[in-house]
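Please go through them with the structure open beside you.

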Amino acid sequence: MTTIIRVLVADDQTLIRESFGILLNAQPDIDVVGEAVNGEDAVRQVGELSPDVVLMDIRMPVLDGLEATLRITEHNPDVKIIILTTFDSDEYVYEALRVGASGFLLKDTSAHQLADAVRTITHGGALLAPTVTKRLIEEFSRLHTPRRRNERIADLSERETEVLRLIAQGLSNSELATRLVIAEQTVKTHVSRILVKLGLRDRTQAAVFAYEAGLVVAGQ
């Protein structure tokens with residue numbers, strides 16, 4: 001039996017909301033359960049509808065997408081947020097990840113890419129486009145002093161720390177397995193333990209953590 005992914009679309013433009021709704025509802029495993037007209041509306045509907053994924057616009061009236069994302073992830077940690085914007089700005093992307101978003105897509109993303117992104121995020125994957133996300137995290141790492149979290153990092157084993165560094169460098173599970181000469185299932189186990197020990201939501205947050213904690217330096 002196919003598990004249906006419940007999606008909430010939050011955007012102040014009616015055409016965008018309706019377009020995304022049509023595109024996603026055409027997928028057999030995705031159901032758009034609601035549409036929010038601003039960030040405050042999105043926060044309220046998450047509480048009422050319990051979606052699995054929220055497609056969140058950055059710029060909205062009343063409450064913007066970043067603040068809405070922060071409020072949602074603080075109170076509904078199982079809900080995944082994909083930030084949608086027309087603004088290809090490094091700062092927007094970085095801040096979106098900082099406040100708890102699991103991924104970032106431009107609004108001109110194709111229907112296929114959008115549906116795949118929803119599935120990837122739902123199943124615990126990272127929506128990290130290497131050409132955008134790795135570059136922006138490295139750039140902001142240069143501008144921000146690493147905030148070391150020794151008490152949390154100390155909980156990781158040597159191998160887990162190594163895996164975390166490689167996650168931050170954009171390696172997939174299969175690439176990690178090849179690099180470390182271990183089974184891919186073993187990699188998945190390491191990743192799961194890292195997330196639990198550090199109290200992180202997904203691989204995206206793990207990558208941000210690694211850079212902010214100084215485990216990886218820009219250009220590494």
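The numbered points below go from the chain as a whole to single residues.

1. Please keep in mind throughout that this is a predicted model. The chain contains 11 helices and five strands, and of its 220 residues 49% count as buried. Of the contacts between residues at least 6 apart in sequence, 68% join residues at least 24 apart.

2. The annotated site deserves a careful look. In an unreviewed entry, UniProt lists Asp 57 under "modified residue: 4-aspartylphosphate", and the annotation may be inferred rather than shown by experiment. In the model, Asp 57 is placed in strand E3, which covers residues 53-57. Asp 57 has a relative accessible area of 4%, and because the limit for a buried residue is under 20%, it counts as buried. When neighbours within four places in sequence are left aside, the residues in contact with Asp 57 are Ala 10, Asp 11, Asp 12, Gly 65, Leu 84, Thr 85 and Lys 107.

3. Helix H1, residues 14-25, has 12 residues and reaches 16 Å from its first C-alpha to its last, which is close to the 16 Å expected at 1.5 Å a residue. Its buried residues are Ile 16, Arg 17, Phe 20, Gly 21 and Leu 24. Seen down the axis of H1, these buried residues fall within an arc of 130°, so they line one face of the helix.

4. Which residues have the most contacts inside the largest nonpolar core? That core has 25 residues, and the ones in question are Val 163, Leu 164, Leu 176, Leu 198 and Phe 209. The elements giving two or more residues to this core are the helices H8 (158-168), H9 (173-180), H10 (184-198) and H11 (203-212). Apart from it lies another core, of 22 residues, which includes Ile 81, Val 93, Ala 101 and Phe 104. Returning to Leu 164, and leaving aside its neighbours within four places in sequence, its contacts are Leu 156, Ile 194, Leu 198, Ala 206, Phe 209, Ala 210 and Leu 215.

5. Helix H8 also holds Glu 162, which counts as partly exposed at 33% relative accessibility. Glu 162 and Leu 176 are 14 residues apart in sequence, and their C-alpha atoms are 9.9 Å apart in space.

6. Most residues other than glycine have a negative phi. Ser 50, however, has a positive phi near 50°; this residue is found in the loop between helix H2 (39-49) and E3, and it is partly exposed, with a relative accessible area of 47%. Val 181 likewise has a positive phi, near 55°, and it lies in the loop between H9 and H10. At 72% relative accessibility, Val 181 counts as exposed, because the limit for that class is over 50%.

How values were computed:
Residues numbered from 1 in each chain as written. Predicted model: local features only at pLDDT ≥ 70, side-chain atom pairs only at ≥ 80, totals over all residues. Heavy atoms only, no water. Helix = DSSP H or I, 4+ residues; strand = E, 2+ residues; numbered from the N terminus. Buried < 20%, exposed > 50% of the residue type's maximum accessible area, 1.4 Å probe, protein only. Contact = heavy atoms within 4.5 Å. Core = buried A, V, L, I, M, F, W, Y, C linked by side-chain atoms within 4.5 Å. Expected span 1.5 Å × (residues − 1). Arc of directions from axis to C-beta.
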